[in-house]
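I set out to record, entry by entry, what I looked up in this structure.

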Amino acid sequence: MSSYIDWSKTSKSKDYRGSSSFATFMIIGPTCFFLGLLFASFPYDFPLLWTKEPVSATFLDELEKHLKFMHQSPPLIARLLNIIISLGYMGLFWKLFRPTEANFLFDGASLILYSIGVAVYVANIVKGMRLISSGVWDTDTGPREGTQPGEVILGREDSLKVMAASNTILALVLVGVLVLQAGLWYAEKREYEDEKEAEMKAAAKKKQ
């Protein structure tokens, strides 16, 4: 891995892609966008996960209707979501092309978290929406065997709870990406301050 890092590049290099680069905004923009979508879903997720009161069947019907509406939206919406996800990946790979050590640590970890978020989205959220749109619980809301050998489809309430928990996990992962990008900014700031302090000390010694 050490051969992958460009040790000749520093935060003062012209081709350094740091916290103020356009690639960083390509990462932060999609991340904040998806956090906004998850925040909009929080009123639906809260009664499922964060209260002890039993969830009424009416609430589950409304949530199922809401998720069906989202999943059955025009294909343009899904394409836009895929483009926005791709923008985040483009920003991360751009920063990881001939990276500095800071890029390798902070942006590499951001890429891992971002990929985990995409995996949670595809494996749990998209799959759950497909099940809801297929009307699998229209006649029976309990668990049943799936179409694949050994596959078990959870009951309606449990499946909706899994989707709500996936939204929470995805939100935490995306916040982690923002924290890592903020960490890169702070590391650059401290490096700049340390260099300034060293220059001031060197200048003071010369005067003596």
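**Entry 1**

I began with E197, which is partly exposed at a relative accessible area of 41%. I note that the model is a predicted one. I then looked for a partner of E197 and found that its side chain meets that of K201 in a salt bridge, at 3.6 Å from N to O. Both residues belong to helix α5, where four residues, about one turn of the helix, separate E197 from K201. I also looked up K201, which has 51% relative accessibility; the cut-off for exposed is over 50%, so K201 counts as exposed.

**Entry 2: salt bridges elsewhere**

I next asked how many salt bridges a search of the whole structure finds. The search returns seven. As a general point, I recall that side chains of opposite charge can pair when their charged atoms come close.

I examined the salt bridge between D107 and K95, in which the closest N and O atoms are 3.1 Å apart. This pair links distant parts of the chain, since D107 lies in helix α4 and K95 in helix α3, 12 residues apart. Are these two residues buried or exposed? D107 has 0% relative accessibility and counts as buried. K95 is buried as well, with a relative accessible area of 0%.

**Entry 3: E64 and R156**

I turned to E64, whose side chain forms a salt bridge with that of R156 at 3.0 Å, N to O. Here too distant parts of the chain are linked: E64 is in helix α2 and R156 is in helix α5, 92 residues apart. Buried means under 20% relative accessible area, so E64, at 8%, counts as buried. R156, at 9% relative accessibility, also counts as buried. I found that E64 and R156 are joined with D61 in a network of salt bridges.

**Entry 4: the largest nonpolar core**

Lastly I looked up the largest nonpolar core, which has 28 residues. Which of its residues touch the most other members? They are L48, L67 and L160. The elements giving two or more residues to this core are α1 (22-49), α2 (57-71), α3 (75-95), α4 (101-133) and α5 (156-207). Helix α5 gives the most, with six residues.

Setting aside neighbours within four places in sequence, L67 is in contact with M129, I132, L160 and M163. For general background, I note that nonpolar side chains tend to be buried together in soluble globular proteins.

Key: Residues are numbered from 1 along each chain as its sequence is written. This is a predicted model: local features need pLDDT of at least 70, side-chain atom pairs count only at pLDDT 80 or more; totals for chains, interfaces and linings use all residues. Side-chain values use heavy atoms; hydrogens and water are left out. A nonpolar core is a set of buried Ala, Val, Leu, Ile, Met, Phe, Trp, Tyr and Cys residues joined through side-chain atoms within 4.5 Å. Buried means under 20% relative accessible area, exposed over 50%, partly exposed in between (1.4 Å probe, protein chains only). Contact means heavy atoms within 4.5 Å. A salt bridge is a side-chain nitrogen of Lys or Arg within 4 Å of a carboxyl oxygen of Asp or Glu.
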